[in-house]
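Subject: Model for your review

Dear colleague,

I am passing on the model we spoke about, and below it you will find my notes on what came out of the analysis. Please read them with the structure open beside you.

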Amino acid sequence: MNSSKSKLKSPTIYLYVLAILDLLICLFYVPFFAVDAFMLYHRIEYLYHIWHAYVLLLYGSSRIAQFAATYMVLLATVERFIVVGEFERVFFFFSTKGRYLTIGFVLVVSVALRVPAFFDYEIVHYEECPQFESYVFMPMLTQFTTYPIYNFYVITILHVFVPFAILLILNFVIIALTKKKVYRRLNRKQKFGEASRIASMMRRESVIVHVDRKGISTATRTIVFLVFTYLTCNIISVFMNILENVYPDSSLLVDKDGNSTQFYTIAADLVSIMVVVNSVTRIFIYVICSSNFREEVFTLISTICARLRRVCCCRGKQIEL
C-alpha cells in the first residue's frame, strides 16, 4: 500500500520521458544546424547532399518532440495538483498504469498533430544550378492558404498559450492547496491552550513559516523558473508567428526587393536556438528546485562514475596481464 502511494506521488516517469525528449531535441538540432554551418563554411559538397537528404526528417521529428515535451511538463504538474488536492476520483490516471496511458496518449496526439510538418516543404534538386545552390525548398502544405491558419491558430495555441496558462494557474493553486493543508494540520495537532487570540495567531504564523517553507518553496521556485524560461524561450516564437501569419508583408520581414530582412533572419535563428536552450535548462530547473530529484540525479551520476571506474580498472588489469 505504501509503495503504491509513493508511486502515485512520484512524477519521475514524466520527468524521465521529458529528459529523453529534451535529449532528442538537442540531438536533432546538432545535425540540423551545426552540420549545415560546417558544410557551408568548409564548402563540403558530399555533406551538402547528405544534409538535404535528412533535413526534412529531422525537422518533422523535432516538431513532434517539442510538442510532446511541453505536455510532459504539464502532466507532471497536473499529477502534483491531483495529489496535493487529494482528488481521489482521478487517482487512476496517475497510477502506474494510468501514467503509461496518459504518456501514450500524449505521444500519439503529438505525432498526429505534428506529422504534417514532415510535408511542409519538398526539396527539389536542380543539377544545372551552381554548387551549393542546387537544392530548393518548394512549398507543399505551406502553399495552401488554410495550412498557415492551422499552423498558427491550432499548433501555436496548443503548444504555447494553453500549456503556459494551465501551468501558471495550476502551480498557483498547488501553492494555495499546500498552504491550506498546512493550516489544517496545525489546527488538528496544535493546541494553544489558554493563550490569547493574538498570541495564538502569532505562534501559528511562526510555526507556519518553519513548517510550510520546505513544502511551498519547491512549488514557488518551480513556477518562477518554469514560467520564466517557458515565456522567455517562446515569446519570440509567438511574436514571429504573429508577424508571419497576420502581417506577412511587414517591413520587419521583407524589404523593398521582397527579400528577407536581417531582422527576420536573426529572429528565425534565435527561435531555433531558444528551443534548445529551453530543453537544456529544464533539467537544471528540477535539479535546483527539487531536493528529491537532485538526490536521484546525483545518485545516478555517482553510479555511472563508479561503473566507469570499474570498467577502466578491469581494462587496466587486462593490459598488465
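Ile242 lies in helix H6, where helices (H or I, at least four residues) and strands (E, at least two) are DSSP runs numbered from the N terminus. With a relative accessible area of 32%, Ile242 is partly exposed, given that buried means under 20% relative accessible area, exposed over 50% and partly exposed in between, with a 1.4 Å probe and protein chains only. Please keep in mind that this is a predicted model, in which local features need pLDDT of at least 70 and side-chain atom pairs count only at pLDDT 80 or more, while totals for chains, interfaces and linings use all residues. Residues are numbered from 1 along each chain as its sequence is written, and side-chain values use heavy atoms, with hydrogens and water left out.

Ile242 belongs to a nonpolar surface patch that it forms with Ile149, Tyr153, Val154, Ile157, Phe161, Val246 and Tyr247, and together these residues have about 690 Å² of accessible area. Such patches are made of residues with over 30% relative accessible area and no salt bridge, nonpolar side chains (Val, Leu, Ile, Met, Phe, Trp, Tyr) being joined within 5 Å and like charges within 9 Å; the areas come from the Shrake-Rupley method with a 1.4 Å probe, and for residues only the protein chains shown count as cover. Two or more residues of the nonpolar patch are given by helix H5 (146-189) and by helix H6 (197-246), and the largest share, 5 residues, comes from H5.

Helix H5 also holds Tyr147 and Tyr150, which are 3 residues apart, about one turn of the helix. Their ring centres are 6.1 Å apart and their planes lie at 35 degrees, so the pair is tilted; rings of Phe, Tyr and Trp (its six-membered ring) pair if their centres lie within 6.5 Å, and planes under 30 degrees apart count as stacked, over 60 as edge-to-face and the rest as tilted. Tyr147 is buried at a relative accessible area of 9%, whereas Tyr150, at 24%, is partly exposed. By this rule the count of aromatic pairs comes to 9, and one aromatic cluster is formed by Tyr29, Phe32, Phe33 and Trp51.

The structure holds 1 salt bridge, that is, a side-chain nitrogen of Lys or Arg within 4 Å of a carboxyl oxygen of Asp or Glu. The side chains that meet in it are those of Arg99 and Glu79, at 2.8 Å from N to O. This pair links distant parts of the chain, with Arg99 in helix H4 (residues 96-114) and Glu79 in helix H3 (residues 45-85), 20 residues apart. Arg99 counts as buried at 6% relative accessibility, and Glu79 counts as buried at 1%.

As for helix H3, 30 of its 41 residues are buried, so it is largely enclosed by the rest of the structure. At 1.5 Å a residue H3 should span 60 Å, and its end C-alpha atoms are 59 Å apart, which agrees; the expected span is 1.5 Å times one less than the number of residues.

A kink of about 25 degrees in H7 is centred on Thr281, and the buried residues of H7 include Asn278, Ser279 and Arg282.

Some backbone angles deserve a look. Most residues other than glycine have a negative phi. Arg43, although not a glycine, has a positive phi of about 55 degrees, and its place is in the loop between helix H2 (12-42) and H3. H3 is followed by Glu86, whose phi is positive as well, near 55 degrees. Phe132, also not a glycine, has a positive phi of about 65 degrees; Phe132 is found in the loop between strand S1 (121-125) and strand S2 (135-139) and is buried, with a relative accessible area of 10%.

For the overall picture, the protein chain has 8 helices and 2 strands, and buried residues make up 35% of its 321 residues.

With best regards

Definitions and conventions
The bend at a residue is the angle between axes fitted to the seven residues ending there and the seven starting there.
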